[in-house]
Each structure stands twice: as structure tokens, then as C-alpha cells.
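Here are my notes on the model. Please read them with the coordinates open.

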Amino acid sequence: MAHWRDTFKPARFFFMDAKAGIPILATLLHFRIYTVALTVLWIAIFWVLERRGLSFWAALRGFRAWLIGDLRPARGVFKVRGKIDYERVE
């Protein structure tokens, strides 16, 4: 039986992440040329990500950061409050 600290290891399907097994199941259920091609593409993407040391979710976060860019304001324009002049007397 595995030790309790080994339970955080990601699930593996042969040599890759278990999430790559989802299109394999779809290919077995609907065997067409395009499903086989999409499955091979999906597995290749997972293989490249693992070679670079990224999980699928970490790669999505990296893609989102690349898409958004370097500037990430703390508040949106609609949440920024205007300046208040406390010295104004009416």
C-alpha cells in the first residue's frame, strides 16, 4: 500500500498524464480518421508539456498570462473610486 505522502502524485496513463486518456476513450467509441488525428495531436501536446515540466493546468495558466500581457491592474476601471476633496466647503 502506498504511503500517505505519495497520494498527491498525478494520475498516470501509461507514460502520460491521465487527462490524455479522455480522447483515447473517445477514439475507441467513435473510430474515425479525424478522432484518431485529434487524439494523436492531444497526446503530442501533453507529451510536449510534460517534457517542459508543466502540468496541463499550469500550461493553461501560462497561456492566460501570455494572452493577457504584463500589465495586470489591481482593479478594473469600473471599480476605481474618484478623488474626494475634503477641504471643499459649500
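Where is T35 found? The points below start there.

1. Basis. This is a predicted model, in which local features need pLDDT of at least 70, side-chain atom pairs count only at pLDDT 80 or more, and totals for chains, interfaces and linings use all residues. Residues are numbered from 1 along each chain as its sequence is written, and side-chain values use heavy atoms, with hydrogens and water left out.

2. T35. T35 is found in helix α2. Helices are DSSP runs (H or I, at least four residues) and strands likewise (E, at least two), numbered from the N terminus. T35 is buried, at 12% relative accessible area. The scale is this: buried is under 20%, exposed is over 50%, and partly exposed is in between (1.4 Å probe, protein chains only). A polar atom of the T35 side chain lies 2.9 Å from the backbone oxygen of R32.

3. T39. Helix α2 also holds T39. T39 is buried, with a relative accessible area of 8%. Its side chain makes a polar contact of 2.3 Å with the side chain of T27. A polar contact is a pair of N or O atoms within 3.5 Å; within protein, one must be able to donate a hydrogen and the other to accept it, and residues adjacent in sequence count only if both atoms are side-chain atoms. A polar atom of the T39 side chain also lies 3.2 Å from the backbone oxygen of P23.

4. A44. A44 is another residue of helix α2. A44 is partly exposed, at 35% relative accessible area. A20 is 24 residues from A44 in sequence, and their C-alpha atoms are 9.4 Å apart.

5. Aromatic pairs. How many aromatic pairs does a search of the whole structure find? It finds five. Rings of Phe, Tyr and Trp (its six-membered ring) pair if their centres lie within 6.5 Å; planes under 30 degrees apart are stacked, over 60 edge-to-face, and the rest tilted. W42 and F46 are a tilted pair, because their planes stand at 55°, with the centres 5.2 Å apart. Both lie in helix α2 (residues 33-51), four residues apart, about one turn of the helix. W42 is partly exposed, at 31% relative accessible area. F46 counts as buried, at 3%.

6. A link between helices. W42 also pairs with F56: 5.9 Å centre to centre, 50° between the planes, tilted. W42 lies in helix α2 and F56 in helix α3 (residues 56-68), so this pair ties together parts 14 residues apart in sequence. F56 is buried, with a relative accessible area of 19%. Ring pairs link W42, F46, F56 and W57 into a cluster.

7. Helix α3. The 13 residues of α3 should span 18 Å at 1.5 Å a residue, and the end C-alpha atoms are 18 Å apart, which agrees. The expected span is 1.5 Å times one less than the number of residues. G69 follows α3 and has a positive phi, near 105°.

8. Surface. F13, F14, F15, W47 and V48 make a nonpolar surface patch of about 580 Å². Patch residues have over 30% relative accessible area and no salt bridge, and nonpolar side chains (Val, Leu, Ile, Met, Phe, Trp, Tyr) are joined within 5 Å. F14 is found in the loop between β1 (12-13) and β2 (16-17). F14 is exposed, at 73% relative accessible area.

Terms used:
Patches are made of residues with over 30% relative accessible area and no salt bridge: like charges are joined within 9 Å, nonpolar side chains (Val, Leu, Ile, Met, Phe, Trp, Tyr) within 5 Å. Accessible areas come from the Shrake-Rupley method with a 1.4 Å probe; for residues, only the protein chains shown count as cover. A salt bridge is a side-chain nitrogen of Lys or Arg within 4 Å of a carboxyl oxygen of Asp or Glu.
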